[in-house]
Amino acid sequence: MCGIIGVVASTSVNQLLYDGLQVLQHRGQDAAGIATAEGGRFHMHKGPGLVRDVFRTRNMRNLAGNWGIGHCRYPTAGSAYNPAEAQPFYVNSPFGLMLAHNGNLTNADALKREMYLADLRHMNTNSDSEVLLNVLAHELQEASGGSFRLDEETIFRAVKGVHRRAKGAYAAVVMIAGYGLLAFRDPYGIRPLVIGENDVGDRKEYMVASESVAIDVLGFKLLRDVAPGEAILIDVHGKLSSAQCAEPAPYAPCMFEFVYLARPDSLIDGISVYESRVKMGSYLAERIKRDFADLEIDVVIPIPDSSRNAAMELASDLNLPYREGFVKNRYIGRTFIMPGQAVRKKSVRQKLNAMHQEFAGKKVLLVDDSIVRGTTSREIITMAREAGATKVYMASAAPPVRHANVYGIDMPSRAELIASYRTEEEIGREIGADALIYQTLEDLKEAVGSLNPAIKEFETSCFDGRYVTGDITPEYLSFVEGGRADSNIGEDPEASQLDLNLVS
């Protein structure tokens with residue numbers, strides 16, 4: 001999960017890109033970067049940290065040009081601690097390309113070897129985004145037939161080559177020197193990408209972004225989602241064209257976008273994230289009526305922020321009081337996307353504080369969007385008891401997370417997932433809940449899918465272990481689980497890409 005944005009405008013885009021990344025900051029807190037183009041020259045600034053910390057006035061002044069891309073990073077491949085893996089990535093052959101990528105390539109290592117041995121391309125980081133960039137560069141070279149001239153047909157042919165070679169989940173924005181902005185999405189539509197427009201006099205400006213909220217906030221009009229396997233091309237003069245560049249595949253957007261990742265004010269694949277979470281609360285209430293009618297509940301309290309929509313609807317459907325029992329420190333990042341289990345655990349009490357008057361002497365139903373590692377849930381239940389709750393029940397708007405995610409979400413090791421080898425009763429005991437209520441997978445699919453009947457399938461591998469791309473083997477999962485987990489602290493800090501302007 002990362003945030004990406006690309007803009008082709010009639011005036012300078014540095015502020016638009018900066019503002020867009022701030023709106024998408026929830027998608028990644030590890031690093032941020034912006035690249036712009038002025039004439040035939042690229043400008044770039046990137047580095048580790050939040051958007052507001054990476055960019056200063058002097059950096060913004062240097063980002064001249066009326067088209068560019070931006071990225072905020074959440075690490076799932078490569079190192080969580082290597083600043084050289086901040087994006088965008090750059091390659092100067094054959095045409096000069098800048099790429100920002102959201103997702104995860106499941107065949108990145110095989111592609112890296114193939115690129116080195118057959119395509120004679122070398123990569124300097126462990127990032128799969130650099131692999132994707134070099135695959136595209138090679139396919140552009142092949143599609144041009146050695147003429148090194150680009151047109152729409154050549155670029156779309158190159159994207160078709162990328163889809164043939166790259167496996168997994170990816171949405172990308174690419175700057176092609178002297179030509180314009182390219183955006184494309186994987187054939188399954190796992191990672192989101194939308195396009196918007198803005199009328200300026202007699203021409204149009206265009207923006208592509210991970211979520212529609214960026215388009216809304218920046219004053220653009222949402223046109224539509226980029227279709228799975230589709231490529232969008234906007235030249236430097238603002239001409240837009242598109243083409244379907246992949247063989248037909250099941251349309252299967254990531255369910256976790258709706259559960260947790262996306263902002264509630266976004267539309268993804270024609271589905272309101274807010275409405276989907278309200279529906280989750282309604283379905284969860286029905287399960288409580290059906291299977292947990294004996295629970296005595298005095299009050300429903302959400303675990304802020306992404307569970308609020310579900311908790312409010314659940315409380316309404318159960319005719320129970322809804323209260324805000326936790327105050328959130330908004331200067332602490334999202335604990336789910338913090339690398340390092342120790343960092344996550346320490347941050348919970350810094351992030352949330354219980355209001356004793358809402359817990360004292362009450363039987364409390366806490367509602368969360370999901371339970372992943374269980375660390376946060378255990379701490380929060382302890383806080384509720386310390387605040388005086390006589391009973392603490394926990395409800396999850398999502399089913400048990402039992403399997404590794406390989407498509408760009410930080411769930412790499414089943415050993416880290418509390419539900420992997422436990423029953424629901426065992427999980428409840430482990431986190432200290434008096435009762436634990438999970439949403440069923442069938443209800444979750446119905447809650448979200450009912451908002452757009454055109455989508456018949458969702459990517460739900462973290463819940464059911466079914467990987468839609470069809471290329472995930474037990475050997476690959478073992479490799480993923482052993483490869484990252486929380487072990488990147490010791491990685492070589494000298495490993496780096498040859499950057500234009502990397503913040504040290």
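Where is Lys 456 found? Select this residue to begin the tour, keeping in mind that the model is predicted. Lys 456 sits in the loop between α14 (441–449) and α15 (461–464). Colour by accessibility and you will find Lys 456 exposed, with a relative accessible area of 74%. Now show the side chain: one of its polar atoms lies 3.0 Å from the backbone oxygen of Pro 453. Lys 456 and Arg 73 are separated by 383 residues in sequence and by 30 Å in space, C-alpha to C-alpha.

**Into the nonpolar cores**

Next, select Phe 256 and Phe 463. In the largest nonpolar core, which has 43 residues, these two touch the most other members. Elements giving two or more residues to this core are α8 (255–261), α9, α14, α15 and α16 (474–483). Of these, α8 provides the largest share, with 6 residues. Apart from this core lies another, of 34 residues; to find it, select Phe 89, Leu 133, Ala 166 and Val 174, which are among its members.

**The open sheet and the helix across it**

Switch to a cartoon view and look for an open sheet of 6 strands, in the order β5-β6-β7-β8-β12-β13, with antiparallel pairing. At its edges are β5 (89–91) and β13 (240–244), each of which pairs on one side only. Ignoring direction, neighbouring strands in this sheet are turned by 20° against each other on average.

Zoom in on β8 (residues 180–185) and β12 (residues 230–235): these strands run antiparallel and are joined by 5 bridges. Pick Leu 182 there, and you will see that its bridge partner in β12 is Leu 233.

Then bring α5 into view. This helix lies across β5, β6 (97–105), β7 (168–176) and β8, and runs at about 125° to β6.

**Charged pairs**

While α5 is on screen, select Glu 139. It forms a salt bridge with Arg 165, and the closest N and O atoms are 3.0 Å apart. Glu 139 belongs to helix α5 (residues 128–143) and Arg 165 to helix α6 (residues 152–165), so picking both takes you between distant parts of the chain, 26 residues apart. Are these two residues buried or exposed? Both Glu 139 and Arg 165 are buried.

Move on to Glu 358, which has a salt bridge with Arg 323, with 3.9 Å between the closest N and O atoms. Glu 358 is in the loop between β18 (352–354) and β19 (363–368), while Arg 323 is in the loop between α10 (308–318) and β17 (326–328), so the pair ties together parts 35 residues apart in sequence. Glu 358 counts as buried because its relative accessibility is 16%, whereas Arg 323 is partly exposed at 38%. Glu 358 also meets Lys 362 in a salt bridge (3.6 Å, N to O), and Lys 362 is partly exposed, with a relative accessible area of 23%.

For a network of salt bridges, select Arg 27, Arg 191, Glu 211 and Glu 257 together. The structure holds 28 salt bridges.

**Last stop: α10**

Finish with helix α10. Its buried residues are Asn 309, Ala 310, Ala 311, Leu 314, Ala 315 and Leu 318. Show the surroundings, and you will see these buried residues packing against α9 (273–291), β16 (299–302) and β19. Following α10 is Asn 319, whose phi is positive, near 55°.

Methods
Residues are numbered from 1 along each chain as its sequence is written. This is a predicted model: local features need pLDDT of at least 70, side-chain atom pairs count only at pLDDT 80 or more; totals for chains, interfaces and linings use all residues. Side-chain values use heavy atoms; hydrogens and water are left out. A salt bridge is a side-chain nitrogen of Lys or Arg within 4 Å of a carboxyl oxygen of Asp or Glu. Helices (H or I, at least four residues) and strands (E, at least two) are DSSP runs, numbered from the N terminus. Buried means under 20% relative accessible area, exposed over 50%, partly exposed in between (1.4 Å probe, protein chains only). A polar contact is a pair of N or O atoms within 3.5 Å; within protein, one must be able to donate a hydrogen and the other to accept it, and residues adjacent in sequence count only if both atoms are side-chain atoms. Contact means heavy atoms within 4.5 Å. A nonpolar core is a set of buried Ala, Val, Leu, Ile, Met, Phe, Trp, Tyr and Cys residues joined through side-chain atoms within 4.5 Å. Two strands pair if DSSP finds at least two bridges between them. Axes are lines fitted to C-alpha atoms, for helices over the stretch in contact, and angles run from 0 to 180 degrees between N-to-C directions.
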